[in-house]
Amino acid sequence: MKKVSQLIKEIIPIIIGILIALFINNWNENRKDKKYLNKIFSAIENELEESSIDIIKVIPKQLACVDTLEVYMNNEKVTLYEIMMRANGIQMPIIKTNSWNAIANSKIELIEYEKLSALSDIEEGKENLTKRIEKQMEYIFQNFEKTDKNKKIIVKMMILDIVGAEKELQSKIDELIKK
């Protein structure tokens with residue numbers, strides 16, 4: 001009985017020491033995670049603000065392209081290529097998601113669902129916008145030398161569709177920044 005009592009007296013301090021070490025380790029990990037999240041969310045916010053500003057700058061350029069298309073809509077001598085050159089080419093905003101991708105690939109479990117969902121929506125909007133612009137560019141390149149009104153109307157509709165997608169994406173970005 002004495003040996004059991006002696007053993008318990010020796011084990012209890014060891015167990016208490018291990019529990020204290022685990023508590024300190026968990027506390028330290030939580031502190032590091034919070035610091036990491038603060039840095040990542042700051043970077044995400046900066047990227048989103050830059051993306052929003054870029055969208056704001058690009059939309060008027062795209063609308064100017066629509067105006068240029070309108071001016072030459074019925075002119076059968078002016079090609080889509082010439083219109084695009086007069087409108088300063090195809091415009092595309094830069095949507096930055098590097099910080100979001102960094103956390104999505106490493107510590108996504110640290111993000112609360114609401115922010116995770118909003119960031120995912122923005123990433124999806126970016127991909128959607130990229131696909132629309134790629135289709136527009138493909139269509140324009142396939143019809144560079146075309147001069148007919150129907151081709152110009154299709155390009156105009158594509159640009160307006162892209163502008164709508166950009167405005168929706170900007171709205172999502174601005175909403176997340178406000179939170």
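Modeller: A residue counts as buried when its relative accessible area is under 20%. Keep in mind that this is a predicted model.

Colleague: Fine. Is Ser52 buried or exposed, then?

Modeller: Ser52 has a relative accessibility of 6%, so Ser52 counts as buried.

Colleague: Where is the place of Ser52?

Modeller: Ser52 sits in helix H1.

Colleague: And which residues is Ser52 in contact with, leaving aside neighbours within four places in sequence?

Modeller: Gln170, Ile173 and Asp174.

Colleague: Let's step back. How many helices and strands does the protein chain have?

Modeller: There are five helices and zero strands in the protein chain. In sequence order, the pattern reads α-α-α-α-α.

Colleague: What radius of gyration does the protein chain have, next to a compact globule of 179 residues?

Modeller: The protein chain has 28 Å, whereas a compact globule of 179 residues would have a value near 16 Å. The C-alpha trace spans about 105 × 30 × 20 Å along the principal axes.

Colleague: What share of the residues is buried?

Modeller: Buried residues are 32% of the 179 in the protein chain.

Colleague: And what share of the contacts with a separation of 6 or more comes from residues 24 or more positions apart?

Modeller: Such residues account for 82% of those contacts in the protein chain.

Colleague: Back to helix H1. Which residues does that helix cover, and what about Glu47?

Modeller: Helix H1 runs over residues 2–71, and Glu47 lies in it. Glu47 is buried but has no salt bridge.

Colleague: Which side chain of opposite charge is nearest to Glu47?

Modeller: Lys96, which is 6.9 Å away. A salt bridge needs a side-chain nitrogen of Lys or Arg within 4 Å of a carboxyl oxygen of Asp or Glu.

Colleague: What is Glu47 in contact with, leaving aside neighbours within four places in sequence?

Modeller: Glu47 is in contact with Lys96, Thr97, Asn98, Ser99 and Trp100.

Colleague: How many positive and negative side chains are there in the protein chain?

Modeller: The protein chain has 28 positive and 28 negative side chains, with the centres of the two sets 6 Å apart.

Colleague: New topic, Lys178. Which helix is that in?

Modeller: Lys178 lies in helix H5, which covers residues 149–178.

Colleague: Why does Lys178 count as exposed?

Modeller: Because its relative accessible area is 74%, and exposed means over 50%.

Colleague: How many residues apart are Lys178 and Glu45 along the chain?

Modeller: Lys178 and Glu45 are 133 residues apart along the chain, and their C-alpha atoms are separated by 9.7 Å.

Notes. Residues numbered from 1 in each chain as written. Predicted model: local features only at pLDDT ≥ 70, side-chain atom pairs only at ≥ 80, totals over all residues. Heavy atoms only, no water. Helix = DSSP H or I, 4+ residues; strand = E, 2+ residues; numbered from the N terminus. Buried < 20%, exposed > 50% of the residue type's maximum accessible area, 1.4 Å probe, protein only. Lys, Arg positive; Asp, Glu negative; His and termini not counted. Contact = heavy atoms within 4.5 Å. Rg over C-alpha atoms; globule rule 2.2 N^0.38 Å. Charge placed at Lys NZ, Arg CZ, Asp CG, Glu CD.
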